[in-house]
Amino acid sequence: MLRLFWRTEFCDSKCKVRCSKAGVQDRCLKYCNICCEKCHCVPSGTYGNKDECPCYRDLKNSKGHPKCP
């Protein structure tokens, strides 16, 4: 229950801001929420600022590219 609350209340609101200017909203929101659930953090703004959340910054996809928007 706590995990669901964390995602719906915190991650959804933070990811809506983070992805507000994304070209592909659905994909941005999907990966932002995945990263937020793992890291319990989303950088401020719509781009950059990843040093605020080292876990979010350091997550990589299978090709070694940044996973989080």
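Predicted model: local features only at pLDDT ≥ 70, side-chain atom pairs only at ≥ 80, totals over all residues.

Q: How many helices and strands does the protein chain have?

A: The protein chain has three helices and zero strands. Read from the N terminus, its elements follow the order α-α-α.

Q: Which residue follows α2, and what is its phi?

A: His40 follows α2, and its phi is positive, near 55°. His40 is placed in the loop between α2 and α3. Although His40 and Phe10 are 30 residues apart along the chain, their C-alpha atoms are separated by 8.5 Å.

Q: What is a disulfide, and how many does the structure hold?

A: A disulfide is a covalent bond between the sulfur atoms of two cysteines. The structure holds six disulfides. When the bonded cysteines of the protein chain are numbered in sequence order, they pair as 1-7, 2-5, 3-4, 6-12, 8-11 and 9-10.

Q: Where do Cys15 and Cys32 lie, and how many residues apart are they?

A: Consider the bond first: Cys15 and Cys32 form a disulfide with their sulfur atoms 2.1 Å apart. This pair links distant parts of the chain, with Cys15 in helix α1 (residues 2-18) and Cys32 in helix α2 (residues 25-39), 17 residues apart. The link of Cys15 and Cys32 is left-handed, with -85° about the S-S bond. Cys15 has a relative accessibility of 0% and therefore counts as buried. Cys32 is likewise buried, with a relative accessible area of 0%.

Q: Which residue does a disulfide join to Cys19?

A: Cys19 is joined to Cys28, with an S to S distance of 2.0 Å. The link of Cys19 and Cys28 has -80° about the S-S bond and is left-handed. As for burial, Cys19 has a relative accessible area of 0% and is buried. Cys28 has a relative accessibility of 10%, and it counts as buried because this is under 20%.

Q: Why is the disulfide of Cys41 and Cys53 described as left-handed?

A: The torsion about the S-S bond of Cys41 and Cys53 is about -55°, so this disulfide is left-handed. Cys41 and Cys53 both lie in the loop between α2 and α3 (54-58), so the pair ties together parts that are 12 residues apart in sequence. The sulfur atoms of Cys41 and Cys53 are 1.9 Å apart. Cys41 is buried, and Cys53 is buried too.

Q: Which residues of α2 are buried?

A: In α2, the buried residues are Cys28, Cys32, Asn33, Cys35, Cys36 and Cys39. For the protein chain as a whole, 25% of the 69 residues count as buried. The protein chain exposes about 4,800 Å², of which carbon and sulfur atoms supply 56%.

Q: What share of the contacts in the protein chain comes from residues 24 or more positions apart?

A: Among contacts with a separation of 6 or more, residues 24 or more positions apart account for 43%.

Q: Why can charged side chains pair?

A: Side chains of opposite charge can pair when their charged atoms come close. In this structure, the count comes to two salt bridges. Asp51 forms a salt bridge with Arg57, with the closest N and O atoms 3.0 Å apart. The side chains of Asp58 and Arg57 also meet in a salt bridge, at 2.8 Å from N to O.

Terms used:
Residues numbered from 1 in each chain as written. Heavy atoms only, no water. Disulfide = S-S within 2.5 Å. Helix = DSSP H or I, 4+ residues; strand = E, 2+ residues; numbered from the N terminus. Buried < 20%, exposed > 50% of the residue type's maximum accessible area, 1.4 Å probe, protein only. Contact = heavy atoms within 4.5 Å. Areas by Shrake-Rupley, 256 points an atom, 1.4 Å probe, with all protein chains shown as cover. Salt bridge = Lys/Arg side-chain N within 4 Å of Asp/Glu carboxyl O.
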